[in-house]
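Visitor: Please take me through one part of this model in detail. I would like the sheet, its strand pairing and the salt bridges around it.

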Amino acid sequence: MKWKKLGQIFEFEKSPIAQKFVSHVQSPQAVVFDDFVRVYFSTRKKEDNGKFVSHVQYIDSSKDFKNIINFSKHEVISVGETGTFNEHGIFPFNPLKLEDKFYGYTTGWTRRRSVDVDSGIGLSISDDNGETFKKLGGGPVLTSSLYEPFLVCDGFVRKFKDKFYMFYIFGQKWCQESQEQAPERVYKIGYATSEDGINWIKANRCIIEDKIDENECQALPTVIKIGERYHMYFCYRHMVGFRTDKEKGYRLGYAYSDDLINWTREDENAGITTSEGAWDSDMMCYPNLVEINDKIYLLYNGNEFGKHGFGVAELEGV
């Protein structure tokens with residue numbers, strides 16, 4: 001895979017979004033319209049108690065990503081009610097356009113006492129061309145189960161071979177190195193299938209092998225078909241030290257498959273990595289693949305988990 005970076009195309013601090021929210025433009029995910037491309041992302045507000053809550057917003061861009069032509073000025077989707085799985089925010093938000101329908105798969109977050117958070121994947125539907133979404137019920141469509149006990153999130157859904165496929169992550173364990181340190185989570189990539197996009201059957205297994213060690217954390221898979229082969233990008237990091245040591249922070253990983261079930265990991269062929277002294281010098285994370293006018297683009301976040309914006313790269317060759 002050979003990518004040409006087009007640079008950081010959206011900066012939080014220079015946008016109207018900064019007038020309403022505190023920081024972050026996390027997990028840019030695109031849906032293509034006739035005359036533009038809409039990119040949804042999660043940004044943050046601070047509550048009275050000092051805690052942050054993630055909210056969904058979007059921008060509309062020209063299809064070559066050179067010009068931003070519109071910003072959302074309204075609530076795209078509300079967070080959940082008290083006690084629900086998405087009470088404390090939605091991040092990420094995965095849009096899926098199906099003929100005249102718009103589905104939005106949401107990762108809902110809720111705070112816990114012994115550990116930071118838990119999560120599940122919900123479904124929302126738009127009847128106004130993707131401007132606003134209403135949650136389908138109060139609970140998740142994919143959540144913890146016998147072999148995936150917590151932190152089910154990062155759902156990426158596409159329809160391949162007349163079936164819905166969801167690639168997502170699930171928590172394996174919480175590790176606490178000392179009483180003075182907060183527990184850190186370990187999560188891996190799995191997949192599930194569905195006939196209707198609502199009721200899902202899990203495979204109940206990790207599909208991407210570890211590169212760092214057994215405690216490698218894998219996040220936000222995105223998949224696209226090129227020819228007869230499926231290509232996945234995701235991000236991965238060390239379990240500890242990733243917040244302060246750039247060598248342990250998120251990087252982009254790559255894998256391919258011919259059947260959507262068995263995946264071969266080849267990070268050395270990802271064709272993209274961090275840039276010296278740039279907005280993505282320390283970290284690359286939260287990728288999203290999208291095809292526009294026979295071109296393939298990769299949207300992603302850079303340093304500080306997308307605190308300052310997102311960028312895009314264009315595929316030049318496979």
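This is a predicted model: local features need pLDDT of at least 70, side-chain atom pairs count only at pLDDT 80 or more; totals for chains, interfaces and linings use all residues.

**The open sheet and its salt bridges**

Guide: Five bridges join β19 (residues 295-301) to β20 (residues 309-317), and the two strands run antiparallel. Both belong to an open sheet of four strands, ordered β1-β20-β19-β18, with antiparallel pairing. β1 (2-11) and β18 (285-292) are the edge strands, each pairing on one side only. On average, neighbouring strands of this sheet are turned by 25° against each other, direction ignored.

Now the side chains. K295 and E314 meet in a salt bridge, 3.9 Å from N to O. K295 sits in strand β19 and E314 in strand β20, 19 residues apart. K295 is partly exposed at 41% relative accessibility. E314 is buried, at 18%.

K5 forms a salt bridge with D280, and their closest N and O atoms are 2.8 Å apart. K5 is in β1, while D280 is in the loop between β17 (264-265) and β18; 275 residues separate them. K5 is partly exposed, with a relative accessible area of 28%. D280 counts as buried because its relative accessibility is 1%, under the 20% cut-off.

The loop between β17 and β18 also holds D267. D267 and K211 meet in a salt bridge at 3.8 Å, N to O. K211 lies in the loop between β13 (200-202) and β14 (217-226), so the pair ties together parts 56 residues apart in sequence. D267 is buried at 11%, whereas K211 is exposed at 51%. Shared partners join K211, E216, R265 and D267 into one salt-bridge network.

Conventions
Residues are numbered from 1 along each chain as its sequence is written. Side-chain values use heavy atoms; hydrogens and water are left out. Two strands pair if DSSP finds at least two bridges between them. Axes are lines fitted to C-alpha atoms, for helices over the stretch in contact, and angles run from 0 to 180 degrees between N-to-C directions. A salt bridge is a side-chain nitrogen of Lys or Arg within 4 Å of a carboxyl oxygen of Asp or Glu. Buried means under 20% relative accessible area, exposed over 50%, partly exposed in between (1.4 Å probe, protein chains only).
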